[in-house]
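This report is for a reader meeting the structure for the first time. Please look over the sequence and the model below before reading on.

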Amino acid sequence: MKIARAEVFAYRLRLDSPIPLRGRDLPERTGLLLRLESESGRQSWGEAAPLPGFSRETVAACRRKLEEALAALRSLEGGAERDSIRGLRAFRGPIAHSASYFAVESAWRRLQAEDHGVSPWHDKAPDRAPIIQLNALLAGTEERILARAQEAATQGYRAVKLKVGRDRMTDDIRVVRAVREAIGPGVALRLDANQAWSIEDAVLFGKAVAASDIAYIEEPCQQFGDLPAFRLRTGIPYAIDESIFTVHDMLRGRGKTPLPERALAGIVQEAEALVWKPTLVHTPTLGDLLFHDVAQGQSSRIVISAAFESGVGTAALANYAAMFASPDTPAGLDTYTWIAPDILRERLPLQGGAADLNAINAAAETVDTDRLTRVWAL
């Protein structure tokens, strides 16, 4: 397949309500979209949207990487094959190019799929049904959290996710118990502490909510090495999220890690889930490393999670969920509710506990270029 044209656009979206991020409110979302066009006239979109305070790259850095990568991709002699982007010089080296690599990879996969007449997730999961399960995100005031929890239970969600570690621990404990009562016993309750506590405080919290049947808690401890002790002392499974950077370095055999490799491998194997945000942490080989070396035959499971992307990036993540996650593992795409209005003319159909990938991909094609500013073309 030969790339005939490549373009990069900038977007800026004012949000209906600010996004709460590590003690600050983000009033708008900015990022870049790329558009690829093949010689046959087919088009696909990708998104690079670094999240302030979380990403290791800026929008300006993303633009430079996209321009370099797309120029190289278009100039490949005889057209580019399925794995061509892995060899692009632009994405060699540090993990700091995650957002731009995700944009190119997701657009490239989509264009390749279009050219072959298959679904975007076909090469990883050819027999996969076009349905993914969704996780509901509980956020805001306690009143809003409980109202959303009750709504999610009636809409068929199999899992909900609640942030903890932001307020007083007694308040967190009370809300966790109230949410469990609101959703009933049939819905999984996931918690996310974002490395809020020391091991002693994490254990104190865990013991207080253990009776609420917690599916897992993401990153309860400030120190990565304390995670097994937390599970042993509370009985609550843990998930790895922020520490996916550490997991990446371990799997690649690169960089300094805080513990010996055997100890790190044990922590990964014991984790109930690896919560992977490809827009924040991604490299040309990370997906395969996670999929083959961690997910298959071990207790860990991949949970694809969003980071407040627009409809283009969120649709790509829905396809990643089909490629890398189990069919019964709900994906964390509910940050999309903050993106209103979107850069799509048709919003992604992500209401309810399950979503149709074909409908998602159709909506993702309705990019409104009037809401974009073209910044580069080749």
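## Terms and model

A residue is called buried under 20% relative accessible area, exposed over 50%, and partly exposed in between. Q195 has a relative accessible area of 29%, so this residue is partly exposed. The model described here is predicted.

## Aromatic pairs

How many aromatic pairs does a search of the whole structure find? The search gives 8. One of them is formed by F9 and W45, whose rings are tilted, with 5.5 Å from centre to centre and 40° between the planes. This pair links distant parts of the chain: F9 belongs to strand β1 (residues 3–21) and W45 to strand β3 (residues 43–48), 36 residues apart. F9 and W45 are both buried.

A further tilted pair is made by W276 and Y320, with ring centres 6.3 Å apart and an angle of 55° between the planes. Here too distant parts of the chain are linked, since W276 is in strand β10 (residues 273–276) and Y320 is in helix α10 (residues 311–324), 44 residues away. W276 has a relative accessible area of 0% and is therefore buried. Y320 is also buried, at 1%. Through ring pairs, W276 and Y320 belong to a cluster together with F102 and F324.

## Helix α10 and what follows

Is helix α10 mostly covered or mostly open? α10 is mostly covered, with 14 of its 14 residues buried. From its first C-alpha to its last, this helix of 14 residues reaches 20 Å, which is close to the 20 Å expected at 1.5 Å a residue.

The loop between α10 and β12 (354–356) contains P341. A cis peptide bond joins A340 to P341, with omega at about 0°. Elsewhere in the model, the charged end of R347 sits over the ring of Y336, at 4.3 Å from the ring centre.

## A contact across the sequence

P126 is found in the loop between α2 (98–116) and β4 (131–133). Its relative accessibility is 46%, so P126 counts as partly exposed. What separates P126 from M323 in sequence and in space? The two residues are 197 residues apart in sequence, while their C-alpha atoms are 8.9 Å apart in space.

## Residues with positive phi

Most residues other than glycine have a negative phi, and most peptide bonds are trans. Two residues with a positive phi are described here. Q195, which is not a glycine, has a positive phi of about 60°. The place of Q195 is the loop between β7 and α5 (199–209).

E219 also has a positive phi, of about 45°, and is not a glycine. This residue is found in the loop between β8 and α6 (227–234). Is E219 buried or exposed? At 0% relative accessibility, E219 counts as buried.

## Polar contacts between side chains

K161 lies in strand β6. With a relative accessibility of 9%, K161 is under the 20% limit and so counts as buried. The side chain of K161 makes a polar contact of 3.1 Å with the side chain of E218.

Another polar contact, of 3.0 Å, joins the side chains of D171 and R174. D171 is located in helix α4 (residues 169–183). The relative accessible area of D171 is 17%, which means that D171 is buried, as the limit is 20%.

## The largest pocket

The largest pocket holds about 690 Å³ of space. Which residues of its lining are closest to its centre? Of the 39 lining residues, these are F54, K163, D192, N194 and K277.

How values were computed:
Residues numbered from 1 in each chain as written. Predicted model: local features only at pLDDT ≥ 70, side-chain atom pairs only at ≥ 80, totals over all residues. Heavy atoms only, no water. Phe/Tyr/Trp six-rings, centres within 6.5 Å; stacked < 30°, edge-to-face > 60°. Helix = DSSP H or I, 4+ residues; strand = E, 2+ residues; numbered from the N terminus. Buried < 20%, exposed > 50% of the residue type's maximum accessible area, 1.4 Å probe, protein only. Lys NZ or Arg CZ within 6 Å of the ring centre and 35° of its normal. Expected span 1.5 Å × (residues − 1). Polar contact = N/O pair within 3.5 Å; in protein donor to acceptor, adjacent residues only side chain to side chain. 1 Å grid on protein atoms, 1.4 Å probe; cavity = no way out; pocket = protein on both sides within 12 Å on 5 of 7 lines; lining within 4 Å. Points joined across faces, edges and corners; volume = space filled by probe spheres on them.
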